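Trainee: I have this model open. Walk me through how it is put together, please.

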Amino acid sequence: MSEATQNPNPKPLSDEELAAAAVTPTDPLADAQAELVNLKAQNADLADQYLRAQADVQNARRRADDEIAKARKFAVEGFADSLLPVLDSLEAGLAIPNVTIEQIREGSEATLRQLKSALERNKVVEIAPAAGTKFDPHHHQAISVVPADQEPNTVVTVLQKGYQIADRVLRPALVTVTAPK
C-alpha cells in the first residue's frame, strides 16, 4: 500500500494528545498506596461523623428524658392551681366563728360551684346518666339489677356519679339497671 491510499491528509497530533502519549504507565504499587491513604482519610472522616452523630442522639435522648421528667413532675400544676380558690373558700368558712346553718349551707354551695368549675376547666366531666338511659359498661357500673317496666339493661337510678377526663373514665357511674324480662 502506498501512502496516498492510507490517509491523504494526515492531521497533526495536538499537544494534549502528544502529552497523553508521552505519559509513561504509572507504578501500580504507588497507585495502591495513594488509594490506601485516601481510603484511610475517608474512614477517619466517617468515624468522626459517626461519633458526632452518636453524641447528638445521646444528647437528644437526654433532653427528651429531662422534658418528660419535668412534664410528669409538674403535670398537676394547672389542676392544683385551679383548686386553690376552693381551698381558700373552705379555710375562710371554717375561720368564721358563730356561723349559722344557713351560712354553712350557702358557703358549701358556693364552694361546690367553685370545685365543679375547677374540674370543668381541667376537662373533668361528670357521668350521671338519666333514668331510662341505655346501660353503657364503658361509663357505668351496675351495682344491682331490679325488675322494672322499662326496657332491659337501662339505668333506673344513679347511686354515685362517675367522672371522666377527656375520653378516659376516671370512675364509672354506679347505677341500678333493669333486669331482662
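Sheets and a helix pair

Trainee: Which residue stands opposite Ala173 in S6?

Mentor: His140 stands opposite Ala173 in S6. This is a predicted model, where local features need pLDDT of at least 70, side-chain atom pairs count only at pLDDT 80 or more, and totals for chains, interfaces and linings use all residues. Residues are numbered from 1 along each chain as its sequence is written, and side-chain values use heavy atoms, without hydrogens and water.

Trainee: How many bridges join S2 to S6?

Mentor: Six bridges join S2 to S6 (residues 173–178), and the two run parallel. Strands here are DSSP E runs of at least two residues, helices are H or I runs of at least four, and both are numbered from the N terminus.

Trainee: What's the strand order in that sheet?

Mentor: S2-S6-S3, in an open sheet of three strands with mixed pairing. Two strands pair if DSSP finds at least two bridges between them.

Trainee: Which ones are the edge strands?

Mentor: S2 (140–146) and S3 (155–160), which each pair on one side only. From one strand to the next, the twist averages 30 degrees. Such angles are taken between N-to-C directions of lines fitted to C-alpha atoms, over the stretch in contact for helices, and run from 0 to 180 degrees.

Trainee: Now the S1-S4-S5 sheet. What's the pairing there?

Mentor: Antiparallel, in an open sheet of three strands.

Trainee: Switching to helices. At what angle do the axes of H4 and H5 cross?

Mentor: Roughly 180 degrees, and the axes of H4 (residues 77–95) and H5 (residues 101–121) come within 9 Å. That makes H4 roughly antiparallel to H5. The label applies over 145 degrees; under 35 is roughly parallel, 65 to 115 roughly perpendicular, and the rest oblique.

Trainee: Which residues make the contact?

Mentor: H4 brings Phe79, Ser82, Leu83, Pro85, Val86, Ser89 and Leu90. From H5 come Thr111, Gln114, Leu115, Ala118, Leu119 and Arg121. Contact means heavy atoms within 4.5 Å.

Trainee: How do they divide by class?

Mentor: Eight nonpolar, four polar and one charged. Nonpolar covers Ala, Val, Leu, Ile, Met, Phe, Trp, Tyr, Cys and Pro; charged is Asp, Glu, Lys and Arg; the others, Gly among them, are polar.
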